[in-house]
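Have a go before you read on.

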Amino acid sequence: MQLGNAKSLGASRGVVAEGLAVDALDWLLSAARATDAGLVWGSTATDDEVDPFLYSGAAGIVLALLEAQRHFGDDRYGDAAQRGARAIAAAVDPDKDCSLYFGLTGMAFALHAVGALLNDPSATAAARSALRRVRSRFDGQRWGEMFELLAGNAGIGLGALACGDDELAILAAEPYLRSADPTPGGVNWAVRPSPPRSHHMAHGTLGIVVALATIGRATGRRDLIDLAQAGAADVVTRDEAGPRGFLVPHSDPQHRPDLIERYSYGWCNGPAGDAQAFRLLGATTDDSTWAVLADRCWHTVTQSGLPRRIRPGFWDNNGSCCGTAGVLALACDRHVEQREQPGFGAGLVDDLAARSTADVPGVCWPNQEHRVTPSIREPRTGWAMGNAGIIRELLRFARVSAGRDPAYAVAWPGHPIARPVTDLASHDGAGADSGRS
């Protein structure tokens, strides 16, 4: 494709992405319920149970609203974010899980972001209160059975760092120094009570790698960075798609083989997420080996056939965790850092547009679960599989394709900041994503 045509393609899809995001925001606001505490959401529009968490509920939704407020300069979204934050603050209690994605740390991260971006001292105070509760429940090693990014120490460390609590971040990271198991290729960790060792971002080695590298870089802890590289080295030895590609199984031995695909391609358990870990290591160490591995991940992603639904179960999700929006995030990173042509990202936007469902007063995205009947699932509100995560990536694509600032309003914990090629040429590694908003 000629350069002029490529730029035109990106610009036209950017307009589509922005319009789609506006409609998705309308739907998200319509799904909110006003309470005495503030705005609340369930994980779906019809769910009566309040969900304040980052993965599926209000914390992730508030971050999408902050993105919209910054992108459009429209205080309507900022006001909704503040009202959502008040309800999140009211839900901070000692009985909740402490994790980043399913508990208090993620709630604190959203509250901290509202405090910082909207100059809301009450949200900042509530964030600090939530993190005090998290700190009080540390047992010297961990916070629960899971020991990884979504539900364990790695995510808690990243969330604490993003809130400016370096001490809690180190407290969460140091147990990995004591519990790493040597492997023929490097090290890995027991992330769950059952035997399988997972390898990717959501529940596995690379999620821990991202936390160790991010916290190590931000706090000057070389031992954490070295351990991160050893963890990544173990994953690299498991690649089954080299030398051009990169594809590693979900886990060994396979965790729940009756339900979980052995190979995936999204952020959570596939090369779209693996590439983010390698991008971070490259920015942290200035070692070009990691950039080559990120390129190999991108090759596998773009050659896999996604976002086509090749067979039941292959690509059934539109969201950020294990679907199209998470791949769009990487496509934008590639465009900023590598001058990657926008064609693949534009195709992802087209797919999101085609799979959106009009629902008064906006649009939403039902996902598919081929193992149950009916297979079409109710549209979700939150970051992982719903409107909130998709909105963030659509708005960023619109900015990137228009040559505007590619930065998110709030940097997601563990997502390396994308730096333009001209910046990378003189960049000495300082400022590699700390996850701080």
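**Exercise 1.** Work out which residues line the second largest cavity, and which elements give two or more of them.

*Solution.* Start with the term: on a 1 Å grid over the protein atoms alone, a cavity is a set of points where a 1.4 Å probe fits but cannot get out, and lining residues have an atom within 4 Å of a point. Going through the second largest cavity that way, you get Trp298, Ala331, Cys332, His335, Glu340, Gln341, Pro342, Phe344, Gly345, Phe397, Val400 and Ser401. (Helices are DSSP runs of H or I, at least four residues, numbered from the N terminus.) Last, the space itself comes to about 90 Å³, a volume being the space filled by probe spheres set on the points, which are joined across faces, edges and corners.

Keep in mind that this is a predicted model, where local features need pLDDT of at least 70 and side-chain atom pairs 80 or more, while totals for chains, interfaces and linings use all residues. Numbering runs from 1 along each chain as its sequence is written, and side-chain values use heavy atoms, leaving out hydrogens and water.

**Exercise 2.** Now take the largest cavity: what is its volume, and which residues lie nearest its centre?

*Solution.* The volume is about 180 Å³. Of the 14 lining residues, Trp267, Ala329, Trp383, Trp412 and His415 lie nearest the centre of the largest cavity. Helix H13 (324-338) and helix H15 (387-401) give two or more residues to that lining.

Methods:
On a 1 Å grid over the protein atoms alone, a cavity is a set of points where a 1.4 Å probe fits but cannot get out, and a pocket is an open set with protein on both sides within 12 Å along at least five of seven lines; lining residues have an atom within 4 Å of a point.
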